[in-house]
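Hi,

Here is the structure I promised to pass on.

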Amino acid sequence: MSIAGSPITCAWPPPRELSMSLPKDDAAALSARWTEGVLLKRDVFSTVERGRFRGENGEVDAVLRRLDEVPWWSFLLARHLFAREKHALARAKGLDVGPELLWAGQRALVRGFVDGAALHLAKPHGDLAYFRSAKAALRRLRRAGICHNDLAKEQNWLVGRDGRAYVTDFQLAACFAHRGRLYRILAYEDLRHLLKHKRSYAPEALTPRERKILAKKSFAASLWLATGKKVYRAITRGLFNFTDREGGGRRLVNDAPVLTALIRKNPAVRDTAIVAFADRRSGVGLYAFVEADQATLEGQLRNELTAAKGPKPPEHIQVVHALPRDTSGKPRTEILQLVAMNQLDLIEPMMKNDQDRAFLKDILEQRKNLRDRFNFEADLPTG
């Protein structure tokens, strides 16, 4: 899959047509079977989009990863990550722990779409069944000799519409023929990262053994934190100019706080929340939801942001009567993120009551990002 929580990272030129940029065999296969949908992620390692894939049993929702727009200076690493994902997905076929590998070529692959939301969007507080399902998924991966190696990211854990746990994004996965020491260390770290998420959402359910695992990092993990992770950050954030805070990239990390402060200076604004979305033209776009009563405020805010000569103004500014909020009063950015990315079919399971649905309907009807469209409207809330 990957959904709203999918990373949106470094800006890069928009993708060309498949037939122009992929190897001939890849382009020929995809042009006959792939229908473009919503752009989920673009960075220096790949382009990922959601669409429809025609297989032997008809069309299904699917996710395409393609390397045709990867810059030359990151291509070797991108191809290595691509190969790891392809190998791991092939080995995981039939395990029902994540997306199925539907098709793979030289520089593109298609995996199935998991109908669910990323962990940091779904926020399964107190959901013990979910974490039991997650441990079962890890056991199946372990029996197949697969270590995911990137489960510290909440984006890579999905809460399925069926309530079960799934994992996605196998670019760092390692496959083992034998359960040697390295395999045991990596499998232990996968479990420890799952338990960190359980501690965030269901801390009261942690067992004494699980608390002991959380308290004890493997030697390899400790060494990585002390040495390798610093090198990794220096390369990705320095050389590759790559930042990934819940899929937002550098604009969300650096520009959004400045823009938020500037917007709140307007006396008509009660509050604002800014989220990022993948954009086919600019790579990463910003979408500002502004809580105010003046529907005509957008133009005024855009002029003020331009005159401030600070960061580039958001690509979209939408004035709403009220922002969706959680029980503590904070804006529900996970909902706004899905609106900005046009992942509308994933929103309905997150609505708690009729008031939420009525409010969301108002936001959806006025949404600004209509460039990436897909046939999701059948599942929209109706009030």
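Before the notes, one term: buried means under 20% relative accessible area, exposed means over 50%, and partly exposed is in between, with a 1.4 Å probe and protein chains only. Bear in mind that this is a predicted model, where local features need pLDDT of at least 70 and side-chain atom pairs count only at pLDDT 80 or more, while totals for chains, interfaces and linings use all residues. Residues are numbered from 1 along each chain as its sequence is written, and side-chain values use heavy atoms, with hydrogens and water left out.

Cysteines to begin with. Cysteine 175 is partly exposed, at a relative accessible area of 22%, whereas cysteine 147 is buried at 1%. Do they form a bond or stay apart? The sulfur of cysteine 147 has its closest cysteine sulfur in cysteine 175, but at 8.6 Å that is too far for a bond. With a disulfide taken as a pair of cysteine sulfur atoms within 2.5 Å, the count comes to zero.

Now the inside. A nonpolar core here is a set of buried Ala, Val, Leu, Ile, Met, Phe, Trp, Tyr and Cys residues joined through side-chain atoms within 4.5 Å. The largest one has 37 residues, and Tyr130, Leu138, Leu141, Trp157, Phe170 and Leu194 have the most contacts inside it. Elements that each supply at least two of its residues include α3 (75-91), α5 (128-143), α6 (181-201) and β8 (157-160). (Helices are DSSP runs of H or I with at least four residues, strands are runs of E with at least two, and both are numbered from the N terminus.) This core lies between domain 1 (29-110) and domain 2 (114-215), because both give residues to it; the domain bounds come from an automatic or database domain assignment. A second, separate core has 32 residues, among them Val48, Tyr287, Met341 and Leu364.

Setting aside residues up to four places away in sequence, tyrosine 130 touches Trp157, Leu158 and Val159, among others, where contact means heavy atoms within 4.5 Å. Histidine 197 is in helix α6 and is buried, with a relative accessible area of 5%. A polar atom of its side chain lies 2.8 Å from the backbone oxygen of leucine 151. Beyond its neighbours within four places, histidine 197 is also in contact with residues including Leu119, Phe131 and Trp157.

On to the strands, which pair if DSSP finds at least two bridges between them. β1 (residues 34-43) and β2 run antiparallel over seven bridges, forming a hairpin with two residues between them. Arginine 42 has threonine 47 in β2 as its bridge partner. β2 then pairs with β3 (residues 58-66), again antiparallel, over nine bridges, and glutamate 49 stands opposite leucine 64 in β3. Seven of the 10 residues of β2 (residues 46-55) are buried, so this strand is largely enclosed by the rest of the structure.

Which residue lies 6.2 Å from arginine 42, C-alpha to C-alpha, despite being 241 residues apart along the chain? That is glycine 283, which is found in strand β12 (residues 283-291) and is buried at 0% relative accessible area.

Last one: arginine 251, in helix α9 (residues 249-264), counts as buried at 15% relative accessibility.

Cheers

Note on methods:
A polar contact is a pair of N or O atoms within 3.5 Å; within protein, one must be able to donate a hydrogen and the other to accept it, and residues adjacent in sequence count only if both atoms are side-chain atoms.
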